[in-house]
Amino acid sequence: MGVNVLQELSAEQTKFKAEMTEDRFRYKNYVLDLSQPINEPKFLFSIGNIPSIPAGELIGIKGRAKQGKSQWEYILISVMLAGISKGDVIPLQDRYKVLLFDTEQSQASLKKCCQRALKFAGLPTDKNDTHFLPFFMRPLTIEERRKTIEDAIKEEKPDIIFIDGVRDLLQDFNSLEQSNELIQWLLSLTAEYGCTIVSVLHQNKSKEDGNMRGHLGTELLNKLTDCFEVSKKDGKFLVTCTDSRNVPATDFAFSIDANGEFCVEETTDTTTNAARVVDIQRVLKLCFDKLPNYGFRELVSAYALEDAISESTAKRRISEAKKNGFIKVGSDGKYTLNPGQP
């Protein structure tokens, strides 16, 4: 065997060993480096003075049929395009790039909804805005829809996208395998392109079951950072942040008038609100009589225990307490009772 052949064989063996070693220690690429500073989330909105809808995360909107799920997304779109607040919904950036992918509505209905959002934003309704691209997806196959979404995100580099009819991106939303694959695909888009993805999904039909439909809804909820529920009563749409990894946003209400235009509404009547405020102050006093300060999760647990309510409800009460100035958050992230509170 020649010298050159031996050298080549030795080089091949060395390369193989190096690859084996590299593959063996590849897991170390995923070790969390605790010495690095924490990147605090960047939020896109303030809702009731609560930072909400962080960048680069999955967000959900749920509700039953014809209860206003889609209209809530158009409220958010109009706020982003206008660059000014609408009621308690405040944009936290000067400009946004927004993509909307609709798989459910007819072309005429989609156009009507987009024009309502543009009018609410004070923009022309007879031409496309450069910061807002709506896509009519109903005639496309699942594969064509996914490719259109990914290509558009890659080229347009949006801050946020809305997928109205996320269940139409798979064949069977009761399939655990298909649901997991779709959610991993959505997560990969947020990770690679840094955009927020808002998915709109129906709730179960039973009034006693407020969960999103199918395995897709169950698995999606596990990955969402914020989830908003939209319901309708007496001509008014009520938006509630039912689940959040941060402080839940306060409730928001709106309606659509006889001219088809958005109107901001009050969320509760004064009597009910006043009674709840008194109760919130009472529970906070019980909590802070035990400890002078709490981390957020500690306060949620303490509040839920004192008031015998679920932690998701406790989160909403705490966000309302913060909005009303009953509590404050220090630079160390600890919650304390504001001076002057009973």
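Start by selecting Glu104, Asp164, Gly165, Val166, Arg167, Val200, Leu201 and His202: together they line the largest cavity. A cavity here is a set of points, on a 1 Å grid over the protein atoms alone, where a 1.4 Å probe fits but cannot get out, and lining residues have an atom within 4 Å of a point. This is a predicted model, where local features need pLDDT of at least 70, side-chain atom pairs count only at pLDDT 80 or more, and totals for chains, interfaces and linings use all residues. Residues are numbered from 1 along each chain as its sequence is written, and side-chain values use heavy atoms, leaving out hydrogens and water.

Now color that lining by class: three residues are nonpolar, two polar and three charged, with Gly counted among the polar ones. The cavity's volume is about 30 Å³, taken as the space filled by probe spheres set on the points.

Next, pick strand S8, residues 196-202, which gives the largest share of this lining, three residues. Strands are DSSP runs of E with at least two residues, and helices are runs of H or I with at least four, numbered from the N terminus.

Jump to helix H9, residues 311-323. Its 13 residues reach 18 Å from first C-alpha to last, close to the 18 Å expected at 1.5 Å a residue (1.5 Å times one less than the number of residues).

Finally, zoom out: the protein chain has nine helices and 14 strands, and 42% of its 342 residues are buried.

Technical notes:
On a 1 Å grid over the protein atoms alone, a cavity is a set of points where a 1.4 Å probe fits but cannot get out, and a pocket is an open set with protein on both sides within 12 Å along at least five of seven lines; lining residues have an atom within 4 Å of a point. Buried means under 20% relative accessible area, exposed over 50%, partly exposed in between (1.4 Å probe, protein chains only).
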